[in-house]
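Take a look at the chain below before reading on. Start with the overall fold, then zoom in on single residues.

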Amino acid sequence: MKPPPFVYHRPASVVAALATLAEAGEDGKVLAGGQSLVPLLNMRLTQPGHLVDINRIRELSYVDAGSDAVRVGALTRHAELARHPGVPALLREATGCVAHPAIRNRGTTVGSIVHADPAAELPAVLALLRGSVTLASAAARPGRARPDQEIVRRSVAAADFFLGPLTSAVRPDELAVEAVFPRPAPRSGTAWLELSRRKGDFALCGTGVLVTLDEDRRVTGATGAYTGVGPVPVLVELTEAVAGRPVDAVDWDRAGTLAAGAVAPEDDIHATAAYRRQLVRVLSARAGAAAARMAVADG
Ligand SMILES: Cc1cc2nc3c(=O)[nH]c(=O)nc-3n(C[C@H](O)[C@H](O)[C@H](O)COP(=O)(O)OP(=O)(O)OC[C@H]3O[C@@H](n4cnc5c(N)ncnc54)[C@H](O)[C@@H]3O)c2cc1C
């Protein structure tokens, strides 16, 4: 099928994009890499009257790898993020698991986060690192028929951003301009592992683990983030299974068991709930051990 008719807008600046989004209201949609939106349009699962293509807004294409956080602009492609030298291992590993090279060359990291597919890697990474998304909209001024072109920005924490399958906190008049991934604390390690039926498919379950040690190499914290086992990225606090032990003496299977008991996956056409729970168990144990090794190297 072909998409339904729409008015195509190609603004060259954030201000112009926001003005168009404000005018279009509920009838407008942002087009970034198009890797999720175009199939939805072609299947007529979404029928916006106005498409706002942001691909000409070069100011949105950047990776700012600061000492506290990595800031990713809305036009940065998955592939650009994955090959950036200043990006931490977790982001690189997880981004490398997104789909195939052709899709990573076009799809954007911020688009993936806004799209909020519960099977997608980047939303879970953002949740694990307690990141946030910066949203921009045109400021409306009292007494004006059209929204003014000043920009209003708000930052939404990952914990509040993902509302349900394919539903995020972005309002129709807003553009997500940046995703912020905080860097883990010193003496931390991370790992991303996942299993999919064919390489490049969405994973049946993806697992990221963040482990933090103290100066004596005892585990002080461990958290798991999971895709494919809930309507949004699922975070599980693993600390009670592993805290206080010297890192070499930790039984990561205990963390896996804790995680498997905490998630509530459902049966679907791809896998049973029991199978996904087993994946959570095994991947948590393996990712926890790998993250601990990285934390030791970091300390
Ligand atoms: C065959 C195939 C396999 C895939 N496999 C995976 C996978 O394994 N893992 C994975 O994570 N993803 C996968 N994807 C999805 C891919 O990662 C997409 O790139 C991503 O989901 C959306 O990014 P995009 O830039 O293409 O967004 P688009 O398709 O352009 O937009 C997606 C949605 O987000 C909105 N949007 C996008 N950017 C913004 C913005 N800046 N502000 C406000 N709204 C915005 C759009 O309006 C739309 O609703 C796959 C896609 C395909 C086609």
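This is a predicted model: local features need pLDDT of at least 70, side-chain atom pairs count only at pLDDT 80 or more; totals for chains, interfaces and linings use all residues.

The protein chain is divided into three parts: domain 1 covers 7-53, domain 2 covers 61-182, and domain 3 covers 188-298. The centres of domain 1 and domain 3, taken over C-alpha atoms, are separated by 36 Å. In secondary structure, the protein chain comes to 11 helices and 14 strands.

Next, the overall dimensions. Along the principal axes, the C-alpha atoms fill a box of roughly 65 × 45 × 35 Å. The radius of gyration of the protein chain is 20 Å. A compact globule with 299 residues would have a value near 19 Å, so the two agree.

Now consider the inside and the surface. Of the 299 residues, 50% are buried. Take the contacts in the protein chain with a separation of 6 or more: residues 24 or more positions apart account for 62% of them. The protein chain has 33 positive and 31 negative charges.

Turn to single residues. Where does Ser 132 lie? Its place is in strand E6, residues 132-138. Ser 132 counts as buried because its relative accessibility is 14%, and buried means under 20%. Leaving out residues up to four places away in sequence, Ser 132 touches Leu 126, Ser 155, Val 156, Ala 157, Ala 158, Glu 178, Ala 179 and Val 180.

Is Ser 67 buried or exposed? Ser 67 counts as exposed because its relative accessibility is 73%, and the exposed class begins over 50%. Ser 67 lies in the loop between strand E4 (63-65) and strand E5 (69-73). In sequence, Ser 67 and Arg 106 are 39 residues apart. In space, their C-alpha atoms are 27 Å apart.

Finally, Arg 44. This residue sits in the loop between helix H2 (37-42) and strand E3 (50-53). Arg 44 has a relative accessible area of 35%, so it is partly exposed. Which residues does Arg 44 touch, not counting those up to four places away in sequence? They are Met 1, Lys 2, Pro 3 and Pro 4. Trp 252 is 208 residues from Arg 44 along the chain. The C-alpha atoms of Arg 44 and Trp 252 are separated by 46 Å.

How values were computed:
Residues are numbered from 1 along each chain as its sequence is written. Side-chain values use heavy atoms; hydrogens and water are left out. Domain bounds come from an automatic or database domain assignment. Helices (H or I, at least four residues) and strands (E, at least two) are DSSP runs, numbered from the N terminus. The radius of gyration is taken over C-alpha atoms; the globule rule is 2.2 Å times the number of residues to the power 0.38. Buried means under 20% relative accessible area, exposed over 50%, partly exposed in between (1.4 Å probe, protein chains only). Contact means heavy atoms within 4.5 Å. Lys and Arg count as positive and Asp and Glu as negative; His and the chain ends are not counted. The place of a charge is taken as NZ of Lys, CZ of Arg, CG of Asp or CD of Glu.
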